[in-house]
Structures are given as structure tokens and as C-alpha cells.
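Morning, everyone. Please have a look at the structure on the screen, and then I'll walk you through it.

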Amino acid sequence: MRSAPERWSGAVARVRAWAARRPRRAALAAVVALALATGAVVGVPMAVTAWERHGVLRTASFDGGVHAMGAAPAVRWMVSYDERVAPVLVGDVIVVAAWDAGRRAVVGLDVVSGARLWSLPVEVRREGAGVLCAALPASGAGEPATDPATDPAADPAAGPAVVCAVGAVGAAGTAGTAGTAGTAGTAGTGAPDSEPGAAPGPPRSSVLVVDARSGTVRAAVGLDGEVVTLVPCGRDVVLGRAGAAGVLVERRDPRTGELRWVTPVRDAGVAAVVRAMRLSAAGERVLVRGVGATRVLDAATGDPVPSVGAGADVVRLQPEGTVEQIRYRLTSRGIEVTSTLVDAAGAPRATVRGVLVDVPVADGTSGLMFTASMLAADPDGGRVRAYDAATGAQVWRAPVDSSTVDADVGGTVVLRAAGTFVGVAAGSGVTRWRVPIGLGLVATFSDGERLLVLRRTDRSGAVLEARRLADGQRVWEMTLPPRVEGVLRLGGLLYGTGDGLLVALR
């Protein structure tokens, strides 16, 4: 029996003999083989990348959830960024603030590879002047879709965009435009640098609409003063800024610069407090906090809504647009805490005990809302209460002393009590399981079947672990890379953060 090398040598000899007898066919076969090999070398990596992109961009099982994580993730890529500015996911691009050749810049990163797609340097010539970015929706919730024939900004070919407010100090000028991907453009608010020793001009800011795929500035609006807070509101943005005219809240279409409305909230003499201002926009309301009295504005007109929040000690705006009016009342039994929920029309729809609990991850299937009170003098405090979100009727009270709800997913509500996770049935509040978790818990996420928990430990640093929602048992645990202290969610994926690093966990 011939050996393998002998058989291989014989096959090569027969091919050579065939090629000598038919040179044209042999040349054609060689070209075909080369094309197939080239296609394999180029096509296979492209197919792998396309498959990975499809997996990265697919939606999670519920809004606010993450992709299935049956095993501990690995580090896919790691980049440096300015962690003072929250990253924004727009399509398949992550927009961050960073530095480019020593200059402040807005940068677009490929969500799959972390590669820098484009960089837009911005003129921020004063320490502390900020960069604020948010995804810009094509149309707002509840608003009709725009017509590309009449609104160029609605052209689907334009692609996804991000709106950024850039704070700067300088003489009045116009924002420049960025180049295409790979070309460093400049966007700012100041005129060319003044002569040495010249006094700086009044504060200026720009609101930029940036193409998320190319980094090109589609539109730029120059404003007096410094923009310190910005939130999307339908197809527009609501921003707070301080200038010579005082502290203002205004709504604009960033694509055209059209001013919808402007509402003064403080005098010019106290403009320094504007950095404490916070805005929330949801439904038909805009909530202004941090500049004295809390104000509730009509999102369509900017007019104050005095009937909403009147007589309340604290006012909060929930993500779906409900206004929560919190009142503290001294009684013979102690301090009674109640919250009245007001709908878009200004009518109270429910009054509940305690304050609404912010649940970090919920799939919406339970139909519950939760309240708690941490006041020691509240006779009804100390335990979470679950209410029917539609009717406001109480469904159950927690079986343990707990004022924190870490998850409401898949029919299980996870309570935290004295270093312990307690899983209860969403429908009845009956305890299903109880597991120790310890201290140092920072954040929770869920893929629908597992609860993902970020903890900080003295020995191992930041640790991410997964526990089954069915029984609370640990599935896996991983120690995050050095310098990574936090985890955030962008789309359906998790990213580690800390010490100027953004780390993709896949």
C-alpha cells in the first residue's frame, strides 16, 4: 500500500502531465482557483463581520434589556474617551467626546470594532465648557412622520444623526462644518482666535446636528450664552442656557434653528447657578429643576402649568409623561408620605402611599408600579408596595423590609433587603427565593432570563455576575478589567467604563 506522500506526489505528477497536454485549460483552471481562493480570503472575514454586526445590532427581548448572556462576556474592544460626557448610540455608531491631536472633539466609533470612523474637533476654549450630545429621532413619539418632499431633514438617505451642544467662549461667530469621514473638520462658536491680551467676548454656544455615519455637520445654530443641559423633545430639543438675558429654557428645531418657544426661569444676576439646572421632557410636559422653584412647562408652548405641582413638596416627571406630586404631612402617627399621579390633562389619576420607586430594569409585563418611603418617621414606610399601574389599586406589600426594587422581569420582582436579594411573584408578592448578595451593589441589568449584577469588592475590584431570575442562583461571574469601575447599557449591549476607558463586553 502506497504512503500518503507517495500518493500526493503521484497526483501532482498527473496534474502536471495534464497541464502540459492542455495548457489553455490549465491556465483557465488556475485563474478560477485563484479567484476562489481570493474570494475565500476576502469573503469569509466579511461574512463573519456582517454576522457579528447583525448580532450586535439586533434588539433585546424587551425595551431596556440586553442580549442573552448565558456565559460571561469577553472584552471585544477598548478605547479612550471623555467620561464626563455620556456616550450616545445612534444606529451602528457610538458617539463620544474625546480628544484629537490634543483638541476636544466629538468622535464616532464603530459599534462592532470600536474603530474611529470620524472626528469632529470643537472649539471649547474654557475649562469646564461642556459638550452635550443626544440621539436625534427622525420623528417624535405621537407625531406624524415628516414628508421628505417638504422637509430635507426627513430624507431617509440622510441617515441617523446626533445633536450636540458645544459650549465655548469667544466673540460672536458661526459654527464651521466638518469634513467627511477621515477629514478633520472644526465646529465651534467663536470667531478666529483674538489677539494676545484681548478681552474675551461674550459666551457663545452652538447646537450642531451631526451625521452619525460621516461626522458631517448638517446644521449649526449659534446661540448667546452657554448651553448646560439638553434633552430631546419629539423632533426638537429643549435646552437650558445662561447669558446676558438670564437663565432661559427654550425649545428649538435643531435642523433649522427655528425657535418654538423660550421661557425665562431666572434673572441675569443669578446666571451662575445655571450649572445646577436639570431638564426632563416626556409626554406633554417639561420639568425644570435646580434653579430655585421646580417648574412644570407645557411642552408645546413653554407656558407654565400652575395647576400641576401646586401644593406639592417635590415634583418629578416619569418617563411616560406622568407628573408625580409628592407631599409630606405631619400626623399624630408620624410623617405621612403620599404621591399623586397627574396625567397629561392635569387630572389626578391615582394617589399612592410613599414615593414611586425607580426600577432600573423592567419588561413591563407585570403592569405594576412600586412605591416606598425611607423616612424613619413614616409609619407606613420601610416596605415596598406594589400598585396596579392602570387603576392605582394596591396589589401587595413586600414580605421583607425593603425600599429598593432591582428588577421587574419575567413575572419576578427582585427586592433588595440588608445585603440580600429576595425574589417575589409579581402577581402576589409571595417569596420565591432568597440569596445573599453582600454590599457594594452598583447596578443591575437583565436579558429576560438572568439578572446581571455589577458589584464592587475590596479584593477583586468591579465584578459582573449573572443570576437566574427563576431561583436567584449564580450562573457565572467575571472580574472586569483593571480601571473599569462601572457598566452602562447602550442598545442591547453592556460597556465597562472607568478612568477614561470605554470597554465593549460581548
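One term before we start. A residue is called buried when its relative accessible area is under 20%, and exposed when that area is over 50%. Anything in between is partly exposed. Keep in mind that this is a predicted model.

Now the overall picture. The protein chain has 506 residues, and 46% of them count as buried. Its secondary structure consists of 35 strands and two helices. The accessible surface is about 24,200 Å². Carbon and sulfur atoms supply 56% of that surface.

On to the cysteines. How many disulfides does a search of the whole structure find? One. Cys 133 is joined to Cys 164, with an S to S distance of 2.1 Å. The link ties together distant parts of the chain, 31 residues apart. Cys 133 sits in strand β6, which covers residues 131-136. Cys 164 sits in strand β7, residues 161-169. The link of Cys 133 and Cys 164 is right-handed, with 110° about the S-S bond.

Are these two cysteines buried or exposed? Both Cys 133 and Cys 164 are buried.

One more cysteine: Cys 233. Why does Cys 233 count as buried? Its relative accessible area is 8%. The cut-off for buried is under 20%, so Cys 233 qualifies.

That's my tour. Over to you.

Technical notes: Residues numbered from 1 in each chain as written. Predicted model: local features only at pLDDT ≥ 70, side-chain atom pairs only at ≥ 80, totals over all residues. Heavy atoms only, no water. Helix = DSSP H or I, 4+ residues; strand = E, 2+ residues; numbered from the N terminus. Buried < 20%, exposed > 50% of the residue type's maximum accessible area, 1.4 Å probe, protein only. Areas by Shrake-Rupley, 256 points an atom, 1.4 Å probe, with all protein chains shown as cover. Disulfide = S-S within 2.5 Å.
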